[in-house]
Amino acid sequence: MHHLLKRSKRSRDSSSYRARSSSPKLEQRYHGPPQLSSSNFLQFVGFIVAILIIGTLYISLSSAQRTGRTSPTPPNTTDFGIGSTRVRSPSPKVIDRTVLHALHDIHEPDDHYDLSPSTVSRPHLKWPPIVTRIPESNDVSELKHTGVHAPSILTAPAADAVKFDESVCGSFPCRFLLPLRITEQEPKVHLHLHQLAILASNLNRTLVLPNVGNNRIGACSRWPLDSYYDVDLLRSALPTVNTLPFTIFDSWSEARSILPTSRVVSFSVSKNGERDSLPDPLTDHDFTIDYGLADHKVASCLHSKFPRLYQSSSIFSFKFYRNDSIRSSRSQRLIQILSEAVDSVEYFSDELAALRTSDVLAIEWDLRHSIFPEPSIDLEYSHALIELAERLASFTGPYVAVYWRLERIPVENLAWCAASLVSTLRSVLDDDDSGPQLVWFATDYHNLLEQPSDVKIKNARSGTFQAVKSEYEEAMNILQDAFKTGGDLEGYAITELPSQIKKLRMFEGNIQFEEEVLEDSGVSGILDKLVSMQSQVFISGSRACSKTSSSSKQIVNFRESVMRDNEIGLDIRNVVELFGEW
């Protein structure tokens, strides 16, 4: 308004001045059409702008009065309908993928549900949607189907992932089968590893060679596979199976620029051994499929060892019926469900579809029987273990090996069984005055010579002992007392693996194993078995006194073959002598 008033006053003054003027110079100065000066022009523009502003404000005030609102909601605020009160929305937060994983688990429809078409339901649509996963880059997903190399138009992470996968497994994307845990113990574990190799080959996936530890095999075990077995022979026995060392897979899962997708799959036996009453078109009456929470050991193993692969606490469970014979139709059906290359099945759920295309299938194998009809392979023990066992046998000299498995033996039998073992040892040792004078004792309980004498109940070497009771210690005391002064075996000596390793290291040195590896129950069990195979006399328990184990069968089979073929220059005088026979 200040400019408008100022401009009007000057206009009036100018007109009055020109009306009174009669000077020729002034008439000449104002001759011709009138022109606006620069200052007048700016005043005119300001006048127009002011009119526009006033008009806009008037229209806005009229609209607010009609709608009952006095002012628009300020940015970054939320109107909750409580008058002029405004609540400021929080600023965007940055979260990592672990939070997304937790959200995914929390907002799953159910913790446990069937995946048959009749029971798979879609959750009701909600708004706003809950974000539980970061979408994968489109350029990567397209390359998965086209199979072409990374073009220059890819984003840097996607291009890096393509090149990285090609350097690791020869193609993009890598598809792995990871044995997360095999519940069967050594020595039967090689049968199940072969089954997983067949599964990986049929699914066109690379088998990750797992770790070993405490008589078991699995990705979360501590030691590399060659601590137990000859890996080169394993690969040569599986010429059609692509394998990858565990250390390379571990580096791949950590360093891949794009997060690998993964699913956990469990294979087990149905608890009741009976078929479910509900029909399931996915099973074909051979197995059922459940989708629920993973076992605590599986979840903790995956989360601690492979944090980037722990994307869900849920697990797919394939539960087989007991006492079912091996049928090719069942194995083919399993391959059809899990194979990414098979598209004929139309009733897959979204979860199963995601499983088939996952970069990593982490397997928990809790079966005792084979599901693929192919013949099994024999896993050879590592050269280092065989060499150490031969050195121990040679260093020890002539000896009698006792292999006693106490697990699952009725505790009321233990004392009598120990007395029977003492009697059998005396009979064998007294037979030949020039024969062995030393007893190599191998058991699944504990080391007799390494435990403190004041400990009443000691720990078992085997992890499958359900309960360690005082009756076990009483049986061990009966055996030890027999070698003391006045005992039935006075004059003879008893030894165990830890004692002989210490003596060997002291006199010969050059034992390439770390102390912690030698203390592993799997390593010690294999060494005990290999040493027992080479003993002059071998003694084991009857069914009433000792568990019939796969390891004892291995020892007996080896000694039978040596005595039959006589191809190995070993001084073996019997196959097996049993104690505890009624």
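A residue is called buried under 20% relative accessible area, exposed over 50%, and partly exposed in between, with a 1.4 Å probe and protein chains only. The model here is predicted: local features need pLDDT of at least 70, side-chain atom pairs count only at pLDDT 80 or more, and totals for chains, interfaces and linings use all residues. Residues are numbered from 1 along each chain as its sequence is written, and side-chain values use heavy atoms, with hydrogens and water left out.

Q: Why is Cys301 called buried?
A: Its relative accessibility is 11%, and buried means under 20%, so Cys301 counts as buried.

Q: What makes Cys220 and Cys301 a disulfide?
A: A disulfide is a pair of cysteine sulfur atoms within 2.5 Å. The sulfur atoms of Cys220 and Cys301 are 1.5 Å apart, so the pair meets that rule. The link is right-handed, with 80 degrees about the S-S bond. Cys220 lies in the loop between β7 (216-218) and α8 (231-237), and Cys301 in helix α10 (residues 296-305), so the pair ties together parts that are 81 residues apart in sequence. Helices here are DSSP runs of H or I with at least four residues, and strands are runs of E with at least two, numbered from the N terminus.

Q: Why is Cys220 called partly exposed?
A: Cys220 has 30% relative accessibility, which falls between the limits for buried and exposed, so Cys220 counts as partly exposed.

Q: How many disulfides does the rule give, and how are the cysteines paired?
A: The count comes to 3 disulfides. With the bonded cysteines of the protein chain numbered in sequence order, the pairing reads 1-2, 3-4, 5-6.

Q: Why is the disulfide of Cys169 and Cys174 called left-handed?
A: The torsion about its S-S bond is about -100 degrees, so the disulfide is left-handed. The sulfur atoms of Cys169 and Cys174 are 1.9 Å apart. Cys169 is partly exposed at 25%, while Cys174 is buried at 0%.

Q: What does the disulfide of Cys417 and Cys545 tie together?
A: The sulfur atoms of this pair are 2.0 Å apart. Cys417 lies in helix α14 and Cys545 in the loop between β16 and α19 (550-565), so the pair ties together parts that are 128 residues apart in sequence. Cys417 is buried at 0% relative accessibility, and Cys545 is buried at 0% as well.

Q: Where does helix α14 lie?
A: Helix α14 (residues 414-431) lies across β13, β14, β16 (537-541) and β17. The helix runs at about 165 degrees to β13, where axes are lines fitted to C-alpha atoms, for helices over the stretch in contact (heavy atoms within 4.5 Å), and angles run from 0 to 180 degrees between N-to-C directions.

Q: How do you know that β13 and β14 pair?
A: Two strands pair if DSSP finds at least two bridges between them. β13 (residues 400-404) and β14 (residues 438-443) have 5 bridges, in the parallel sense, so they pass. In β14, Ala442 is the bridge partner of Tyr403.

Q: Which strands stand at the edges of the sheet, and why?
A: The open sheet of 5 strands has the order β15-β14-β13-β16-β17, with parallel pairing. β15 (493-495) and β17 (577-579) each have a single partner strand, so one side of each is left without a neighbour in the sheet.
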